[in-house]
There are 2 protein chains.
Amino acid sequence: MTVTAAQGFLASGVAAGLKESGDPDLALVVNLGPSRAAAGVFTSNRVQAAPVRWSRRVLADGRVCGVVLNSGGANACTGPAGAADARVMAEHTARAVGVDPDEIAVCSTGLIGVPLPMDRVTAGIDAAAERLSPERGVEAAVAIRTTDSVHKTAVVSGPEGWTVGGMAKGAGMLAPGLATMLVVLTTDADVTSAGLDSALREAVRTTFDRVDSDGCMSTNDTVLLLASGASGVTPVPDAFAEAVHAVCLDLARQLVADAEGASKEIEVEVVGAASEEDAVTVGRSVARNNLLKCALHGEDPNWGRVLSAIGTTSAVFDPDRLDVAINGVWVCRDGAAGESRDKVDLAGRRITVTIDLRSGAESAVIWTNDLTAEYVHENSAYSS
Amino acid sequence: MTVTAAQGFLASGVAAGLKESGDPDLALVVNLGPSRAAAGVFTSNRVQAAPVRWSRRVLADGRVCGVVLNSGGANACTGPAGAADARVMAEHTARAVGVDPDEIAVCSTGLIGVPLPMDRVTAGIDAAAERLSPERGVEAAVAIRTTDSVHKTAVVSGPEGWTVGGMAKGAGMLAPGLATMLVVLTTDADVTSAGLDSALREAVRTTFDRVDSDGCMSTNDTVLLLASGASGVTPVPDAFAEAVHAVCLDLARQLVADAEGASKEIEVEVVGAASEEDAVTVGRSVARNNLLKCALHGEDPNWGRVLSAIGTTSAVFDPDRLDVAINGVWVCRDGAAGESRDKVDLAGRRITVTIDLRSGAESAVIWTNDLTAEYVHENSAYSS
């Protein structure tokens, strides 16, 4: 179940010839309404791809009729010509589906700094427009993949007859050379663009924003939420926000689980923090520590590297009162050795590192992966 | 030439049995005076090893008569027992060389969280004290190595008959599981502790602080500068500061050159910055970008990853006016493709990435290494 799980949406995907492999690489999602309210969250990188700049403007009035997405080229760092190409993608899609270009969002993913072959892109848009169907959500999810080994979709149905569905690609290690996360969520609930915006921002803040596979931030990250209102139901805001959060969390976990080159899924759980911000800061510092990520790859419960990473932050804690558990074994108590590290079993794919800052009641979870020779290989060999 | 290049210093190194390999692992440096002025710079990590906490107190009065250093164990995250062990090391050394324990600095490097075998440490101190000699500086430099493939020493003679010498070990990739940099500098110039402090801080700020092999910060980093005054010469402050800087730079470059697991030495040069802080921030962000470090390992001049890393900072720049050169070829102009990437030759070991922010006249250089499968291997296999 995907972007067409909600009523009022069409989708399709085709192979436009943007990828050398000949795999599908262009997708459309069209909102039939009656509402076309929308919200979006974009990369916080100051170097932003042309499609991100375009889509920000499209989203400004809270209304989106469709999205054109391509893999096989990021259209990032492509100068004024790249900006023109993003506009042409919107215009061509708008003509094909009969709406205004200012109502078409554009998402691209692939190598940075390389212009898109626009003749293939426009031909692909025409072919995709002809295939648009309420049955082809999976086709769209397949076409936005880069090095993802599987396509990623999720759906949650609300208690009042509405549905939130979505598709995602990418994230850090998943995407050598591109590192882009693209997500399109759809709903047939009748929600204003302000309501969509608030539900989406809160969901992204605690899901996609807390996936940190390699600390690298893309030029193209985009998360869109489109509402058709086709169910005719205006949901209870809390129930709707919960559904959007559940779909985002499901997709975020799928991104971490499919991180190519990774052999471990690592959950860094920070508790006892003085503030949620402290918990996120500490979690991110630990999740980005290459030495720890190597140790966990080697199934070494090296809690000293956890402490080293915590110590680089300005969070509230006393170095002599830090507790750390790895897979539930408190190997560090009061900033020194605790239970025997021999008790820690790291053979499985999932690892939980729990850090108790013992300075308050706030907490946060950051999801990451281990650092492997395969990650190095994929990211050194991809574009050469 | 090393810590005994300057007059008034003795040194030695022995195998105390702290390393399983049986390699040398304990060193002494003794200052015979007449002056014993000293200055120190320590890790900014808030999780600090017991010897760092001890040495900070020793340095507080600007006077140090000797340093005891060991590899084979960091004595970090070892609780109150570790603090007692650091004190015993100082006391035992003080007795052996006939000074006060409060005048002995302690430096340790090795695995975190494991207590030192103190019987071996004290026996090693006795053995090292018996060997103390103005000829054994190299012995000391050899004994502080962990995974360093060579020992590192440097010396600069001032124009007025005084000398600054030093030894170093470690840094990031060099030191799987420990990641510690220890440096002892000596001089026979007659300089007050305040003069030493100001020369050392300025030198460290633009040398060791700008080596960033893997973004990981140690619990044990220590840089000490001891003056004997034995030359009888009070140097011109600028000439002295320049000599200290030159020795630090020489040692810092040796650390990067010997980074195990690395195949490239990368110099990230940021020019055209609005402030030196901006230049350092941008350089560090680029130097820590795993995707770029993998690309350069694969000899791929992937300037898009440079731009992505710049974009994550809050430095002053316009994304559409960024220029990037790799080994002198301006592959990115105005935030988009510039000269052909095919012109870039990355076959050599040294790579320079130049970033022109075009926003001012300030600059900085950060030194780093590439990210390799060997790095992952060393850091996942070391302690398991």
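This report describes the pairing of two protein chains and several elements of their fold.

The model is predicted: local features need pLDDT of at least 70, side-chain atom pairs count only at pLDDT 80 or more, and totals for chains, interfaces and linings use all residues. Residues are numbered from 1 along each chain as its sequence is written, chains are lettered from A and ligands numbered from 1 in the order in which they are written, and side-chain values use heavy atoms, with hydrogens and water left out.

**The two chains**

Two copies of a chain are related by a rotation about an axis and a shift along it.

Contact (heavy atoms within 4.5 Å) links 53 residues of chain B with 53 residues of chain A. The two chains bury about 4100 Å² between them, 57% of it on carbon and sulfur atoms; buried area is the accessible area (1.4 Å probe) that two parts lose on being put together, summed over both. R46(B), N290(B) and L291(B) lose the most area in chain B to chain A, together 16% of what that side buries. Because 100% of the interface residues of chain B are also interface residues in chain A, the copies meet through the same surface.

**Sheets of chain A**

Helices (H or I, at least four residues) and strands (E, at least two) are DSSP runs, numbered from the N terminus, and two strands pair if DSSP finds at least two bridges between them. One open sheet of chain A has four strands in the order β1-β2-β4-β5, with mixed pairing. Strands β1 (9–14) and β5 (104–108) of chain A are at its edges, each with a single partner strand, so one side of each lacks a neighbour in the sheet. Within β2(A), V30(A) is the bridge partner of L10(A).

| Strands | Bridges |
|---|---|
| β1(A) and β2(A) (residues 26–31) | six bridges |
| β6(A) (residues 152–157) and β7(A) | six bridges |
| β7(A) and β8(A) (residues 181–187) | seven bridges |

T163(A) in β7(A) stands opposite S157(A), while G170(A) faces M181(A) in β8(A). The hairpin of β6(A) and β7(A) has five residues between the strands, and in it G161(A) takes a positive phi near 100 degrees.

**Helix α6**

In chain B, helix α6 (residues 237–257) has 21 residues, which at 1.5 Å a residue should span 30 Å, and its end C-alpha atoms are 30 Å apart, which agrees; the expected span is 1.5 Å times one less than the number of residues. Among its buried residues are F240(B), V244(B), V247(B) and L251(B). In chain A, Q254(A) belongs to helix α6. Leaving aside neighbours within four places in sequence, Q254(A) is in contact with H151(A), K152(A), T153(A) and A154(A).

How values were computed. Buried < 20%, exposed > 50% of the residue type's maximum accessible area, 1.4 Å probe, protein only.
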